[in-house]
Amino acid sequence: MAPAAPRGDLAKLARRALVTAGPALAQPAVHHFARRGLSVNHTQGVTLGIVAVYVVVIALLWNLPYVRWVLWPFKMLVIAFHEFGHAITACCTGGRVKSISLDPHEGGVTHMLGGIQAITLPAGYLGSSLIGALLTFCGFNIVASKIASIVLGVCFLLTLWWARKDWLTIVTVLLAVGLLVACWFIKHAEPLRFVVLFIGVMSSLYSVWDICDDLILRKVNSSDASVFAQRYGGSSQCWGILWSFISLFLMICGILAALAAFKQDFAQQEKDSQDFIPTVKMLLKM
């Protein structure tokens, strides 16, 4: 019987084997991920086309006079995301939220006490951008859109609690909840993914357009970027541009992650949706 090798020698041999075989073992997985992540099937191509249409339509409606009111309900909803970002980071950094209110002309405001303002100030734009990126990601799949709508419902409940004295915020949130619930009961929630996708794209681009509007076109001194620059240095334009690039980066990450994660075609997505909280069976039981 051969003598056992010392533990130190075994460890060296194991490390050498891992270094030698590691790349060969990882190569098939890398190739599989590359094929899975970089290829775009028909369903994903259609969704990407819809995203492009959403970007053009939102950009036009956002800036054209008279017709911009078409976006008013969704704009109020995105502003609610913005204020929710301020509120939730205030709570997470030791602050307290007194109230949230929305204004169709001036946007929204979150009244809060305490919290770390270096985090709460940029959390409005970056928070709505993160929510937008996650919704854009979920908008590529019906089941993911269902899950996203449930999470949105929880966020809406918090927003309603903080805005319980502001009728515009209450009406906006209730209309959004009604739209999401209605989409659940149409063709196994297939329209839900397009609504979630639209809200996600608009929320992702909100900070870009709003920063341009506040800091370049109108130069509003009370914007988040202006207040941040006054307290922590730098110019409001620089902070605004930085936050805009982060917003676009988050949106691109959401799209790329969706392309890698959701390869199902429309038929498979509808079939999966029938097995996840099936709304048609709920109607039949009622």
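The face of helix 7 turned away from its buried side carries Trp167, Leu174 and Leu175, which are exposed. Here, exposed means over 50% relative accessible area, buried means under 20%, and partly exposed lies in between (1.4 Å probe, protein chains only). This is a predicted model, where local features need pLDDT of at least 70, side-chain atom pairs count only at pLDDT 80 or more, and totals for chains, interfaces and linings use all residues. Residues are numbered from 1 along each chain as its sequence is written, and side-chain values use heavy atoms, with hydrogens and water left out.

**Helix 7**

Helices are DSSP runs (H or I, at least four residues), numbered from the N terminus. Helix 7 spans residues 167-184, 18 residues in total. From first C-alpha to last it reaches 26 Å, close to the 26 Å expected at 1.5 Å a residue. That expected span is 1.5 Å times one less than the number of residues.

Which residues of helix 7 are buried? They are Leu168, Thr169, Thr172, Val173, Ala176, Leu180, Cys183 and Trp184. These residues cover an arc of only 155° around the axis, so they sit on the same side of helix 7. The arc is taken from the directions from the helix axis to the C-beta atoms.

**Aromatic pairs**

The structure holds eight aromatic pairs. Rings of Phe, Tyr and Trp (its six-membered ring) pair if their centres lie within 6.5 Å; planes under 30 degrees apart count as stacked, over 60 as edge-to-face and the rest as tilted. Two of the pairs are tabulated here.

| Pair | Centre distance | Plane angle | Type |
|---|---|---|---|
| Phe74 and Phe198 | 4.9 Å | 70° | edge-to-face |
| Phe228 and Trp239 | 4.7 Å | 75° | edge-to-face |

Phe74 lies in helix 3 (residues 72-92) and Phe198 in helix 8 (residues 190-217), so their pair ties together parts 124 residues apart in sequence. Phe74 is partly exposed at 26% relative accessibility. Phe198 is buried at 12%.

Phe228 belongs to helix 9 (residues 224-232) and Trp239 to helix 10 (residues 236-261), 11 residues apart. Phe228 is buried at 8%; Trp239 is partly exposed at 24%. Both belong to one aromatic cluster, together with Tyr125, Tyr206, Tyr232 and Trp243.

**Cysteines**

How many disulfides are there? The count is zero, where a disulfide is a pair of cysteine sulfur atoms within 2.5 Å. Take Cys92: its sulfur is 6.8 Å from the closest cysteine sulfur, in Cys91, too far for a bond. Cys92 is exposed, at 65% relative accessible area. Cys183 is buried, at 5%.

Key. Helix = DSSP H or I, 4+ residues; strand = E, 2+ residues; numbered from the N terminus.
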